[in-house]
Amino acid sequence: MVPGLVLLSALLWLSHDLGMEERIVLFRYLAMAFAGCMAFITPHLLFPDSEKTLILQINPSPRRLFLHHLVKLRALWLYGVAAAAVVSYGDSTFPVQDFHEKTRLFATGMIALTAIMLYAQYRFATIGESSQRWNEGKSGRRLFESLDSVGKSTPVDAGMFPTFLSTILVTFVGMMSVVVSAAIPHAVLAILPFVLFLGYSAYRLGREVGSYDRRFYQSDAFYDELFTNPATGTRESREPASYGAIYWVPSRWRAAVWTQIVQLDRKRPMGRIIALLSLTYWLLIWLGTPEAWHGGWLVFWILAKNMLAWPVSWPALSPPVFHWWMMPAGDWMMARFFLQTRWTLALLLTVAAAALFSEAVSWQAVWMWTLADVTVSALSAWLLTRNNEFAFRRRYA
Amino acid sequence: MSEFLNVENLSKRYGTGPMILSGMNHHFRKGTATGLIGANGSGKTTFLRLVSITAYPTEGTITFLGEPIYDAPHRFLHHIGIVTDATDLPAYLSANELMEWTLRARKKWHDDESPRHMDELFGRLHFDERRENLIGTYSSGMLQKTMLACSLITQPEIILLDEPFRALDESSKKASLELLNEYKSNGGTILVSSHLRRSLAKLCDDYITFPVKEGS
């Protein structure tokens, strides 16, 4: 609730004196950030279901299970819609000027965000069967044999391939709908790509409702194995980080940060992912893409970096009772903050290198993006700890 | 082959790790109790997860009345009761409310009879007035009684129990065994995993020893 209100306030501050054209541009950034956010957060919101025992007990119908998933995503969608309302109507200078255009922008926002949410739900709710096939080596065997034959290994667990593919697809399709809409000169027709996207997402998801129980249980079983069973974690192809490598963290939190990093690196090849994100950014700069593209990519970079670290709040990695015994919840929040800022220097260097060699990026932008990352890291640390240690403290302590 | 609950060539591995179950075949008869026994990590819990559709097999399938259970989980789960060492029950409900919800959700609630059945069942399980307290305050033994009561009251055709006696005191254990034997004599089928062999002996007609040899 609090981070959402902070973000909405920041958006209001950004948009209160903007003209209509600038509002439309800000909305496009918002829609792209929402697509990136949904692409990463949806599997974590949906699976493994924290109420599984209860669900098995009351045995909801396929339609109820579908609604259960929809409700889980609803809060994020509502924040998105509230943000679209702020961008559209948050005008302190001329509140009623361009009212029709503002309403059209808000309606476009609702359609776009709903389409992205339904598409993300469709992709991730139906992912169980193919993921299990990849996880057990029944699919993708040729790919791994080819990689083995040239002495390469994959940085991630095979079962994660469909998830990565869906993450990229949701981000790409969501962002492309924004780009296509932006390319349409007629203001009314610009809504069309989102309407088509919404129709497609609703159609695909609607076809699954009748057998949603099969999709639900299989996807949940897969993610339950993936997220909680160390046997399906990333193959340990590299040494875990040593305690000495965490020298930059104050000693009070160093041990906690170290245990979180070691565990996270076993679930996610963070270093390689960060390298890939930075290389792609430089490629976008080198290709001379518009600011919306490489700026959008940095939004994605920051969201991805922070959200990929979310497994550290799962009970499998951070058992609440054990954590409670180790140190207070506030200290865990600080530890998570340092964990999240581990790659802030990499972001700073990535943007600084772009500023050094290209005029497309200003030095002011270097500090702006760094500050954005530190802010998101702090929010993310608070959220992760709130859902784990603080929740435990509220309930039992 | 009878069509009640059949395990057909069932195999399960996690990721590309070793096989936990390999080519398992078994036919569970109606009105019997089968004990799942074996060392830690031998596959008992994995097997129960497969039957409760919280895991999916690598190969093979399980059929209930001739239909693969993974094709229509909702239909199969309607016939199932599950007792695990759950820690994720809703903390702000009482056991009574959870049971009422279970019955209503499964369309088995009757205004006149259900409250009486609930009282009777809780009474037989020696679950005193603390069942009116919130679940978040329960001990592990009370949680297990809650799960067992919720499963039994829906009168399922099959009950899956994973270590159901572990947290129970002697009198509750005795009461649970009595209830389960009664359930079995009324035609219910039980699959129970436990290390407490003496308790199992008072309930089970048949045993499966894990790890299961391929094809057995």
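This is a predicted model: local features need pLDDT of at least 70, side-chain atom pairs count only at pLDDT 80 or more; totals for chains, interfaces and linings use all residues.
## Helix pair in chain A

Helix α5 (residues 99-125) and helix α8 (residues 161-183) of chain A have axes that come within 10 Å. They cross at roughly 160 degrees. Angles over 145 degrees count as roughly antiparallel, so α5(A) is roughly antiparallel to α8(A). The crossing is right-handed.

From α5(A), the residues in contact are Ala112(A), Ile116(A), Tyr119(A), Ala120(A), Arg123(A) and Phe124(A). They meet Ser166(A), Leu169(A), Val170(A), Val173(A), Gly174(A) and Ser177(A) in α8(A). By class, this contact has 8 nonpolar, 3 polar and 1 charged residues.

## Contact between the chains

Chain A brings 29 residues to the contact and chain B brings 30 residues. On the chain A side, α3 (52-58), α6 (128-135) and α10 (212-228) each supply at least two residues. α10(A) gives the most, with 7 residues. The side of chain A that touches chain B has 8 nonpolar, 12 polar and 9 charged residues.

## Sheet in chain B

An open sheet of 5 strands runs in the order β6-β7-β8-β3-β9 (chain B), with parallel pairing. Its edge strands are β6 (80-83) and β9 (206-210) of chain B. Neighbouring strands are turned by 15 degrees against each other on average, direction ignored.

β6(B) and β7(B) (residues 158-162) are joined by 4 bridges. Here Gly81(B) stands opposite Ile159(B). Helix α5 (residues 140-153) of chain B packs on the sheet and touches β6 and β7 of chain B. Its direction makes about 175 degrees with that of β6(B).

Helix α1 (residues 44-51) of chain B lies across β3 (33-38), β7, β8 (189-193) and β9 of chain B. Helix α1(B) runs at about 145 degrees to β8(B).

Methods. Residues are numbered from 1 along each chain as its sequence is written. Chains are lettered from A and ligands numbered from 1 in the order in which they are written. Axes are lines fitted to C-alpha atoms, for helices over the stretch in contact, and angles run from 0 to 180 degrees between N-to-C directions. Angles under 35 degrees count as roughly parallel, over 145 as roughly antiparallel, 65 to 115 as roughly perpendicular and the rest as oblique. A crossing is left-handed if the near helix is turned anticlockwise from the far one by less than a right angle, and right-handed if clockwise. Two residues are in contact if their C-beta atoms, placed from the backbone, lie within 7 Å. Ala, Val, Leu, Ile, Met, Phe, Trp, Tyr, Cys and Pro count as nonpolar, Asp, Glu, Lys and Arg as charged, and the others, Gly among them, as polar. Two strands pair if DSSP finds at least two bridges between them.
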